Amino acid sequence: MDTGVFDRIESEVQSYARNFPVLFSKAKGSYLYDEAGEAYLDFLAGAGTLNYGHNNPVLKEKLVAYLSEDYIVHGLDMHTVAKRNFLAMFEEVILKPRKLEYIMQFTGPTGTNAVEASLKIARNIKGRENIISFTNGFHGVSLGSLAVTGNSHHRGVAGVSMPGATVMPYDGYLGNGFDTTELIDKMLSDSSSGIDHPAAVIVETVQGEGGINAASFDWLRNLEKVCRKHDMLLIVDDIQAGCGRTGSFFSFDEVGITPDIVTLSKSLSGYGLPFAVVLMKPELDQWKPGEHNGTFRGHNPAFVTATAALDHFWRDNTFATEIKKKADIITDRFREMANKYDDHWFHLNGRGMMQGLVCTDGELAHQITQEAFKRNMVIETSGADDQVIKTLCPLTISEEELQRGMDILAESVDTVMKDRVKQQNRHGKVSVVA
Ligand SMILES: *Cc1c(COP(=O)(O)O)cnc(C)c1O
């Protein structure tokens, strides 16, 4: 395996590569393959970008046909057949059945560019600068998105001050039984609280990079009420939690809220092709032509695979039902792992197929994911201290593969915990539940 060139000329900024030092070559479904053909079960799946698995054959067939017939790959934002088909499919399969009336804006193809656009919309519509964001929220690393992101590791390298945002405690941050939307309401109702009237609130319904924290439906509904009461737009960043990850196309489908703006990216193309959109209520579409510009706004091959994904997976409830079944398996297996040990070691969080095994510290989580990697499984951590082991396996994973992955995780937990418990016993505490 010759990988010297990565050390010689690739920037130190590489991150995932450090935890999985293998030369990957091919991928199919739920598996990555290295150059020698060794298979790795993929529970990272592009950090939520490959919800339909690697090289999904249904999507690939459409993409290959599109390319081989010399359809347009790059057309700036001009009308193309591929774009028409995508818009029409999105309208038919996603918007109409939900009675949602959104205008769709194609931004640059990264999540963070969709977030930047959403913040511009809110600020320009409301004529105010401040945006409320949340503890442990993650919205991307360009400056506007970074200003509403909690992570100090990312914020620390901005090199400029990042004004225009006020951070508030996310659901559960102050313990159960404390509804943090009451705090927001109280502070916004007090003209001397020191908070400038915000244009919008930006929120993830389940925080991906921030530790798989799932907001309760009540909290999200209360947050929407606070937005209405104080004339703020509600922006749901559904870049990671959307496209089926939580069990429905939008993560808020079953919540009973209607965001003013929604951002989508990651799994939207379905094939791992870069693609991002902003959905906004029609009255918010006050853009002048080209105001939020970009060379790669709406990439035609991504339109093709995204259209195929909507057509294949989202016309009825079959896929959503499958996701829920697999989500239950994940919960059951995580609970089994956690229940073997004293309460303080592990607990569970998340929703749908976006779940986390929260470890007592980041070192423990790291050891477990490294142990899983020794067993040919790729799985990552998230959270402030990287203490949460997160399942982001393809939603299309077979039940057998899912069980295999959970077996590997259970073995990895036990292997690492044997040493941890030994250490503790030396200090006179017994930690295994009999
Ligand atoms: C990944 C992510 C982003 C940023 O997307 P990029 O494509 O990495 O710029 C924004 N918001 C959320 C919730 C994400 O998970």
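The buried residues of α5 pack against α4, β4 (103–106), β11, β12 and α11. This is a predicted model, and the account below starts from that packing and then turns to other sites.

Buried positions in α5 are A82, K83, F86, M89, F90, V93, I94 and L95. Viewed down the axis of α5, these buried residues fall within an arc of 155°, so they line one face of the helix. An α-helix has 3.6 residues a turn, so residues three or four places apart point the same way.

Helix α4 has its own buried set, made up of L59, L63 and Y66. Down the axis of α4, the buried residues fall within an arc of 60°, so they too line one face of the helix. Their cover includes α5 (81–95) and α11 (300–313). On the face of α4 turned away from the buried side are the exposed residues E61 and S68.

| Helix | Residues in helix | First to last C-alpha | Expected at 1.5 Å a residue |
|---|---|---|---|
| α4 (57–68) | twelve residues | 16 Å | 16 Å |

What surrounds S265, and is S265 buried or exposed? This residue sits in the loop between β11 (261–264) and β12 (277–280). S265 has 5% relative accessibility and therefore counts as buried, the cut-off being under 20%. Leaving out residues up to four places away in sequence, S265 touches P109, T110, G111, I239, C243, F275 and A276. From S265 to T107 the separation is 158 residues in sequence, and 9.9 Å in space from C-alpha to C-alpha.

R333 belongs to helix α12 (residues 318–339). Its relative accessibility is 12%, so R333 counts as buried. The residues that R333 touches, not counting those up to four places away in sequence, are Q403, M406, D407 and A410.

F6 is a residue of helix α1 (residues 4–9). Because its relative accessibility is 33%, F6 counts as partly exposed. Together with V5 and I9, F6 forms a nonpolar patch on the surface, and the accessible area of the three together is about 280 Å².

Methods. Residues are numbered from 1 along each chain as its sequence is written. This is a predicted model: local features need pLDDT of at least 70, side-chain atom pairs count only at pLDDT 80 or more; totals for chains, interfaces and linings use all residues. Side-chain values use heavy atoms; hydrogens and water are left out. Patches are made of residues with over 30% relative accessible area and no salt bridge: like charges are joined within 9 Å, nonpolar side chains (Val, Leu, Ile, Met, Phe, Trp, Tyr) within 5 Å. Accessible areas come from the Shrake-Rupley method with a 1.4 Å probe; for residues, only the protein chains shown count as cover. A salt bridge is a side-chain nitrogen of Lys or Arg within 4 Å of a carboxyl oxygen of Asp or Glu. Helices (H or I, at least four residues) and strands (E, at least two) are DSSP runs, numbered from the N terminus. Buried means under 20% relative accessible area, exposed over 50%, partly exposed in between (1.4 Å probe, protein chains only). The expected span of a helix is 1.5 Å times one less than its number of residues. The arc is that of the directions from the helix axis to the C-beta atoms. Contact means heavy atoms within 4.5 Å.
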